[in-house]
Amino acid sequence: MGGDNWQWDAPDPVRKTYAGSTPQQVLDFIQQYVDRRGFSPSWEEIKEGCGFGSKSTVHAMLRQMQDRGLVVWAPGIGRSIRVVPQDA
């Protein structure tokens, strides 16, 4: 999923806010949460579980991941984030 050589398209000040967690770590967190609980984490739980400073940072990261086809969610519906299976 995702690969280790994935690069952000964000400017440097934004990239620095993502330094706590990589996209792969966020994908792993979401998938492990779903595997354990049967539903996806909230944005707040992703923020806390991955060490982000705000939910807006989570949103920015997930938006870029969505643009790359790594995750999907239904806007306005809580706990709808899903990891998109990637071909190996």
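Trainee: Which residues of α3 are buried?
Mentor: Keep in mind that this is a predicted model. Buried here means under 20% relative accessible area. In α3 that holds for I46, K47 and C50.

Trainee: Within what arc do the buried residues of α3 fall, seen down its axis?
Mentor: An α-helix has 3.6 residues a turn, so residues three or four places apart point the same way. The buried residues of α3 line one face of the helix, because they fall within an arc of 100 degrees.

Trainee: What covers the buried residues of α3?
Mentor: Start with I46. Beyond its neighbours within four places in sequence, its contacts include V26, F29, I30, V58 and L62. α2 spans 23–37 and α4 spans 55–67. The cover of the buried residues of α3 includes α2 and α4.

Trainee: How do α2 and α4 lie relative to each other, roughly parallel or roughly perpendicular?
Mentor: Their axes are 11 Å apart, and the packing angle is about 90 degrees. An angle of 65 to 115 degrees counts as roughly perpendicular. α2 and α4 are therefore roughly perpendicular.

Trainee: How many residues of the contact of α2 with α4 are nonpolar?
Mentor: α2 brings P23, V26, L27 and I30, and α4 brings M61, L62 and M65. No polar and no charged residues take part in this contact. The nonpolar count is seven.

Trainee: How many residues has the largest nonpolar core?
Mentor: V26, I30, I46, L62 and M65 have the most contacts inside it. α2, α3 and α4 each supply at least two of its residues. The core has 16 residues.

Note on methods
Residues numbered from 1 in each chain as written. Predicted model: local features only at pLDDT ≥ 70, side-chain atom pairs only at ≥ 80, totals over all residues. Heavy atoms only, no water. Core = buried A, V, L, I, M, F, W, Y, C linked by side-chain atoms within 4.5 Å. Buried < 20%, exposed > 50% of the residue type's maximum accessible area, 1.4 Å probe, protein only. Helix = DSSP H or I, 4+ residues; strand = E, 2+ residues; numbered from the N terminus. Contact = heavy atoms within 4.5 Å. Arc of directions from axis to C-beta. Axes fitted to C-alpha atoms, helices over the stretch in contact; angles between N-to-C directions. Parallel < 35°, antiparallel > 145°, perpendicular 65-115°, else oblique. Nonpolar A, V, L, I, M, F, W, Y, C, P; charged D, E, K, R; others polar.
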